[in-house]
Amino acid sequence: MEKNIPYKTYLDESEMPKQWYNLRSDMKNKPAPLLNPGTLKPMTAEELSVVFCDELVKQELDDTTPYFDIPKEILEFYKMYRPSPLVRAYCLEKALGTPAKIYYKFEGNNTSGSHKLNSAIAQAYYAKKQGLKGVTTETGAGQWGTALSMACAYLGLDCKVYMVKCSYEQKPFRREVMRTYGASVTPSPSDTTNVGRKILAEHPGTTGSLGCAISEAVETATGSEGYRYVLGSVLSQVVLHQSIIGLESKKAFEKIGVKPDVIIGCAGGGSNLGGLIAPFMGEKLRGEADYEFIAVEPASCPSLTRGKYAYDFCDTGMVCPLAKMYTLGSGFIPSANHAGGLRYHGMSSILSQLYDDKLMTARSVEQTRVFAAAEQFARVEGILPAPESSHAIRVAIDEALKCKETGEEKTIFFGLTGTGYFDMVAYQKFNDGEMSDYIPTDDDLAAGFAGLPKVDL
Ligand SMILES: *Cc1c(COP(=O)(O)O)cnc(C)c1O
């Protein structure tokens, strides 16, 4: 007989995690260090502190300390929208007719609409504590820029966002949310930076890319007194902050006496997935428990499933450090895909190492199947999911349908990273039957790989 599991499980205030967990501390094979692109030597704290705040540099370089105290001010901010619920997807299970038990952790319960706020408030807090005037960043789909604008408004920091030009034009409401929170939003490439002017001169009609917006934001931060650059994914510090998702989930599961068998998350730069799996992967690494982990990425931007594990630039302008990661090459431009948050050429070096060590698996899915899953989910569970999150929904449903065939009663757990209210153009395309799937050919990928820097270590 199955226990009576509540539809939603929340933690009490006293049960809330007070520390972030650093997954790197339990990894036998540590992620490879960031390299200085000029000297090809590991980036020192001094070099990194030109770009990032001091406290965040410490977190970035620390792969041994298991836990970091969450500062009291950040805990206070988290209280405004956390804990996020762990939901038992009873309605979805019934609709699928599966014996599997499905759970999801919903991170869309805040105005910015995604998990990104978990790291935005942390990064803004350390900038404020260092006495800085403001921060710069890039945003593609707009979720990160929105989250950072909210965090900066709360702390009284200036926030300059470079928004990929096509999103700036296609998602005017995202832009206005950021401006409402006091951020300045510049379409990228712009004529406000050297790198932007250079790209505009070379590609006059370009609608921009994430890699290009990163280069502009970094240039502005390093050239402005009292500013630092912040990044919403990929970096190890971001995975550290996002561990709040996994820590809350693990406690909630313990509270109801359930252990997941399969843990699924979408992977763009890897921050939500890294945070979601962190404490569970920690148990696996320490030999205390076993789980199956699945990263889900778009077939149009398949960094893990078809990428190379190599040192690469994090941005198009090649101003950032080199990171060793599964990558399609910093020059790879994915075809139009409606999951903007998953269109990044690389992947967190933590997840890349875990994947290379076969501690987790990865799958790529086509966007029409993703939107079919999103609609099926919305109709029975009520939440309108972000296209990015819907990649995880797709694979969770696929796994649950497999259980229906085999009769297995697996417990499937996935991360529902956000809401899709600003993605209605994508839903419209899907509803009108105008969405297509473009899968890059091996030749397309070869062009991206050809641009990888030659690094012999
Ligand atoms: C940004 C984003 C993602 C992907 O980023 P990760 O760093 O891989 O987590 C996924 N879902 C939503 C809703 C996002 O905004």
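In this predicted model, two elements each supply at least two residues of the lining of the second largest pocket: α2 (54–61) and β13 (322–327). The largest share, three residues, comes from β13. The pocket holds about 260 Å³ of space. Its lining comprises 20 residues, and the closest to the centre are Ala 32, Pro 33, Leu 34, Glu 60 and Ser 236. By class, the lining of this second largest pocket divides into 13 nonpolar, three polar and four charged residues.

The largest pocket contains about 1,100 Å³ of space. It is lined by 44 residues. Closest to its centre are Cys 166, Ser 167, Gln 170, Asn 337 and Arg 343. The lining of the largest pocket has 20 nonpolar residues, 18 polar ones and six that are charged.

A search of the whole structure finds six cavities of 30 Å³ or more. The largest cavity has about 410 Å³ of space. Its lining is made of 34 residues. Lys 116, Leu 210, Ser 233, Gly 269 and Gly 341 lie nearest its centre. The elements that contribute two or more residues to this lining are β6 (134–139), α6 (143–155), α10 and α12. By class, the lining of the largest cavity has twelve nonpolar, 19 polar and three charged residues.

The second largest cavity has a volume of about 70 Å³. It is lined by Leu 34, Phe 52, Ile 214, Tyr 229, Leu 231, Leu 235, Cys 314, Cys 320 and Pro 321. This lining has nine nonpolar residues, with no polar and no charged ones. Leu 34 is listed here and also among the residues closest to the centre of the second largest pocket.

The ligand sits in the largest cavity. Two elements give two or more residues to the shell around the ligand: α12 (271–285) and α16 (387–406). The shell has 19 residues, and Lys 116, Ser 233, Ser 271, Asn 272 and Thr 417 come nearest to the ligand. Lys 116 and Ser 233 are also among the residues nearest the centre of the largest cavity. By class, the shell consists of four nonpolar, 13 polar and two charged residues.

A polar backbone atom of Gly 268 is 2.7 Å from an oxygen atom of the ligand. A polar atom in the side chain of Ser 271 also lies 2.7 Å from a ligand oxygen atom. Thr 417 faces a nitrogen atom instead: an N or O atom of its side chain is 2.7 Å from that ligand atom. On its own, the ligand has 380 Å² of accessible area, and the protein covers 98% of it.

Methods: Residues are numbered from 1 along each chain as its sequence is written. This is a predicted model: local features need pLDDT of at least 70, side-chain atom pairs count only at pLDDT 80 or more; totals for chains, interfaces and linings use all residues. Side-chain values use heavy atoms; hydrogens and water are left out. A residue is near a molecule or strand if one of its heavy atoms lies within 4 Å of it. A polar contact is a pair of N or O atoms within 3.5 Å; within protein, one must be able to donate a hydrogen and the other to accept it, and residues adjacent in sequence count only if both atoms are side-chain atoms. Accessible areas come from the Shrake-Rupley method with a 1.4 Å probe; for residues, only the protein chains shown count as cover. On a 1 Å grid over the protein atoms alone, a cavity is a set of points where a 1.4 Å probe fits but cannot get out, and a pocket is an open set with protein on both sides within 12 Å along at least five of seven lines; lining residues have an atom within 4 Å of a point. A molecule sits in a cavity or pocket if more than half of its atoms lie within 2 Å of its grid points. Helices (H or I, at least four residues) and strands (E, at least two) are DSSP runs, numbered from the N terminus. Ala, Val, Leu, Ile, Met, Phe, Trp, Tyr, Cys and Pro count as nonpolar, Asp, Glu, Lys and Arg as charged, and the others, Gly among them, as polar. Grid points are joined across faces, edges and corners, and a volume is the space filled by probe spheres set on the points.
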